[in-house]
Amino acid sequence: MAGVLTIGCFHAHLSGEEAGTAIVAVDVLRSTTTTVTAVAKGRQCFPAASIEAAVPLAARLSNPLLVGELGGSMPYGFHLQNSPAEIERRTDIERPMVLLSTSGTRLMCEAAASGAAYAACLRNVTAQVKELRDGHDRVALLGADSRGEFRAEDQLCCARIAAPLFEAGYEPGDESTERVVEKWMDAPDDTFVGGRSSQYLIDTGQRPDLDFVLSHIDDLDGVFPVTDGRVVMRAQGLSET
């Protein structure tokens with residue numbers, strides 16, 4: 001199946017994606033990497049669009065783990081930062097995770113409300129490509145906004161998903177999509193190091209998250225649909241769990 005693919009940056013709200021478009025939310029540093037890491041280990045993950053949504057959501061769950069950041073700072077009463085490295089180390093996978101981030105979780109929630117939606121990161125590029133190629137003829141790859149910026153690491157991830165789909169016959173939806181793919185498709189894994197997001201992690205003592213991202217490249221054979229208020233994992237060829 002071939003179709004049309006666009007790459008863009010999510011800002012305050014989705015900008016009217018066409019009906020039937022599969023939306024892939026990308027926030028490499030850090031919310032989709034945290035999501036994918038938690039769910040791959042067997043933890044339930046419930047993204048929250050805002051702090052106002054996170055609090056009542058947590059109240060409905062049994063012994064939830066509140067994970068996240070707003071403007072880079074962990075909200076009062078939360079247990080962990082939005083950290084894939086920390087969530088990977090934890091063994092209490094029976095505790096459901098409520099995840100909140102400045103823009104990444106809002107993107108996941110709005111994408112799910114509009115139709116088929118996925119959380120993706122550099123950990124599952126190949127699996128995400130297969131899922132889109134086999135099941136969706138209209139695709140929007142959206143990076144999460146950071147202070148108005150379409151971040152380098154998210155452009156890199158989007159380009160790596162888009163490039164093989166173009167090879168499979170998909171057409172770019174606009175010229176900016178072509179430019180992103182041309183610039184980033186062959187860039188090395190660490191090409192975004194030194195950008196605003198990665199430097200923020202280094203400057204604030206959160207370098208382990210950057211190291212985690214760089215040491216976990218395309219190591220998961222699964223996709224992560226956002227459905228019924230949570231993110232699930234589906235291995236290639238298997239039904240949702």
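I started with charge. The 21 positive and 34 negative charges of the protein have mean positions 6 Å apart. I counted Lys and Arg as positive and Asp and Glu as negative, leaving out His and the chain ends. Each charge was placed at NZ of Lys, CZ of Arg, CG of Asp or CD of Glu.

I noted the ground rules next. This is a predicted model, where local features need pLDDT of at least 70, side-chain atom pairs count only at pLDDT 80 or more, and totals for chains, interfaces and linings use all residues. Residues are numbered from 1 along each chain as its sequence is written, and side-chain values use heavy atoms, without hydrogens and water.

Then I checked the build. I found 9 helices and 13 strands (DSSP runs: H or I, at least four residues, for helices; E, at least two, for strands; numbered from the N terminus). The C-alpha trace spans about 45 × 40 × 30 Å along its principal axes. Of the 241 residues, 53% are buried (under 20% relative accessible area, 1.4 Å probe, protein chains only).

Where does Gln-206 lie? Gln-206 is in the loop between helix H8 (196-203) and helix H9 (207-215). Gln-206 has a relative accessible area of 13%, so it is buried. I listed what Gln-206 touches beyond four places in sequence: Arg-30, Gln-81, Tyr-200 and Leu-201 (heavy atoms within 4.5 Å). With Arg-30, the Gln-206 side chain makes a side-chain polar contact at 2.9 Å (N or O atoms within 3.5 Å, one able to donate a hydrogen and the other to accept it; sequence neighbours count only if both atoms are side-chain atoms).

Definitions and conventions:
Buried < 20%, exposed > 50% of the residue type's maximum accessible area, 1.4 Å probe, protein only.
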